[in-house]
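Let's take a friendly walk through this protein model. Have a look at the picture and the sequence, and then read on.

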Amino acid sequence: MNTAIFYDDLFLAHDTQNGHPENANRLRAIRRRLEEAGLWQPLLRPIQERCSRDFLEVNHTRQHIQRIVSACENAPASLDPDTLVSARSYDAALLAVNALVEATNAVMAGELNNAFCAVRPPGHHAEKDRAMGFCLFNNIALAAHNLLHHHHLERVLIIDWDVHHGNGTQQAFYDNRQVYFLSLHQWPLYPGTGRPDEIGSGEGTGFNRNVIFAPGTPAEEYMQKFEEVIPDVFQTFSPQFVLISAGFDAHRDDPLAQLQLTEDNFAAMTRLVLTLAREHCDGRVVSSLEGGYNLAALAGSVLAHVTELMQYEA
Ligand SMILES: [Zn+2]
C-alpha cells in the first residue's frame with residue numbers, strides 16, 4: 001500500500017500551439033522537479049489503456065465526442081478561443097481519463113493508499129456537451145462515475161481547489177446527491193459560474209457548494225475558510241471516496257489569477273484532506289492535475305502535494 005503517480009509521455013503530444021499557458025512544459029517541469037527529489041521513478045505507474053468511447057458517454061454527449069474527434073482529424077483546430085487541439089489530443093484525453101479510472105480502481109482494490117494523476121488535458125471545465133477552458137473531457141467527473149457505477153459507491157466527494165470554478169463538474173452532478181461537489185475559487189474570474197447560491201437542484205440540493213475568494217485574499221484567510229469548510233463537508237456527507245481536482249493556480253505566483261497560496265499551503269490542504277479521509281473512508285484519495293501556470297510554482301506545489309500523499313499511513 002503506497003502512493004503512485006499516473007503519467008504517460010502521450011500527454012506531451014497534446015499540443016496547444018505557441019504561447020498557450022496550458023502546454024506540455026507544465027508536465028515536464030513537474031517531472032523534472034520530482035526526479036530531482038528522487039520521487040518520480042519510484043512512484044511512477046504506467047497507464048494500461050485508453051478509456052473507451054462508450055465510457056465517455058457516461059458524462060458527455062455523442063455530438064461532443066464527435067466534435068473532438070473531428071477537430072483532431074483537422075488539427076490544429078480550436079474548440080473555443082482557449083481550447084486548442086492537435087492530432088494526438090483525442091488519444092491523450094482518452095488516456096488522461098483512464099489514468100483516473102485506473103487510479104480509482106487501484107485504490108478501491110487496496111493496491112494503493114492514494115494516487116496523483118499527472119495528466120493533461122485538464123478536465124474540470126468540460127461540460128456534457130462543450131469543451132472549454134483548456135478542457136476536453138471531464139476527467140474527475142468520469143472518475144466519480146466509475147466509482148458510482150463500477151464500484152457501486154453511494155457517496156463520492158469531489159474537492160476542487162483549482163482557482164477557477166469547476167463548472168463542468170458542477171453541471172455533471174448538479175441534481176445528484178451521490179456526488180458532493182465542493183469548489184473553492186476566486187471570484188470574479190473565468191468561467192463566471194460558481195456563485196455561493198448555486199447549491200444543487202432536485203435531490204442534489206445541498207450537495208453542491210461554492211466557496212469564493214476575492215482577488216488578493218491573504219493566504220491566512222483562505223486557509224481559515226478551508227479549515228472550516230472541509231471538516232464540515234466530511235461531517236455532513238461522510239464520503240466513501242475523495243477525488244481532488246488539484247489545480248495549483250491559486251498559488252501567489254500564478255499568472256492567471258490573484259490568490260496568494262504557497263507550496264506550504266497546498267501541503268497543509270493535502271494533510272487536512274488526508275486526515276479526514278482516514279477517519280471517513282480509509283484514506284481513499286485520488287487527485288488529478290487541473291491548472292497551474294507558473295512552472296516553478298506548479299512543480300513545487302505538486303512536490304509538496306505528493307510528499308504529503310506519501311506520508312499517509314493506513
Ligand atoms: Zn484553473
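## A pair of neighbours in the sheet

Ile 158 stands opposite Leu 243 in β9. Ile 158 belongs to β6, and β6 pairs with β9 in the parallel sense over five bridges. Two strands count as paired if DSSP finds at least two bridges between them. Strands and helices here are DSSP runs numbered from the N terminus, with at least two residues (E) for a strand and at least four (H or I) for a helix.

Before going further, note that this is a predicted model, in which local features need pLDDT of at least 70 and side-chain atom pairs count only at pLDDT 80 or more, while totals for chains, interfaces and linings use all residues. Residues are numbered from 1 along each chain as its sequence is written, and side-chain values use heavy atoms, leaving out hydrogens and water.

## The whole sheet

In which order do the strands of the open sheet lie? Eight strands are arranged as β2-β1-β5-β10-β9-β6-β7-β8, with parallel pairing. At the edges are β2 (44–45) and β8 (208–213), each pairing on one side only. Helix α6 (residues 139–150) packs on the sheet and touches β6, β7, β9 and β10 (285–289). Touching, or contact, means heavy atoms within 4.5 Å. The direction of α6 makes about 170° with that of β9; axes are lines fitted to C-alpha atoms, for helices over the stretch in contact, and angles run from 0 to 180 degrees between N-to-C directions.

## Strands β6 and β7

Strand β6 also pairs with β7 (residues 179–186), again in parallel and over five bridges. Val 156 stands opposite Val 179, and Asp 160 opposite Ser 183. Together, β6, α7 and β7 make a right-handed β-α-β unit: with the strands pointing away from the viewer, the path from the first strand over the helix to the second runs clockwise.

Why is β6 described as largely enclosed by the rest of the structure? Because five of its five residues are buried, meaning under 20% relative accessible area with a 1.4 Å probe, protein chains only. Eight of the eight residues of β7 are buried, so β7 is largely enclosed too.

## The zinc site

Which residues hold the zinc ion? Asp 162 (through two OD atoms), His 164 (ND1) and Asp 249 (OD) coordinate the zinc ion at 2.0 to 2.7 Å. Donors are N, O and S atoms within 2.8 Å of the metal (3.2 Å for Na, K and Ca), and water is not among the atoms, so sites may look incomplete.

Along the chain, the donors follow the spacing D-x1-H-x84-D. His 164 lies in the loop between β6 (156–160) and α7 (167–172), and Asp 249 in the loop between β9 (241–246) and α9 (263–281), 85 residues apart. Both His 164 and Asp 249 are buried.

Key. Buried means under 20% relative accessible area, exposed over 50%, partly exposed in between (1.4 Å probe, protein chains only).
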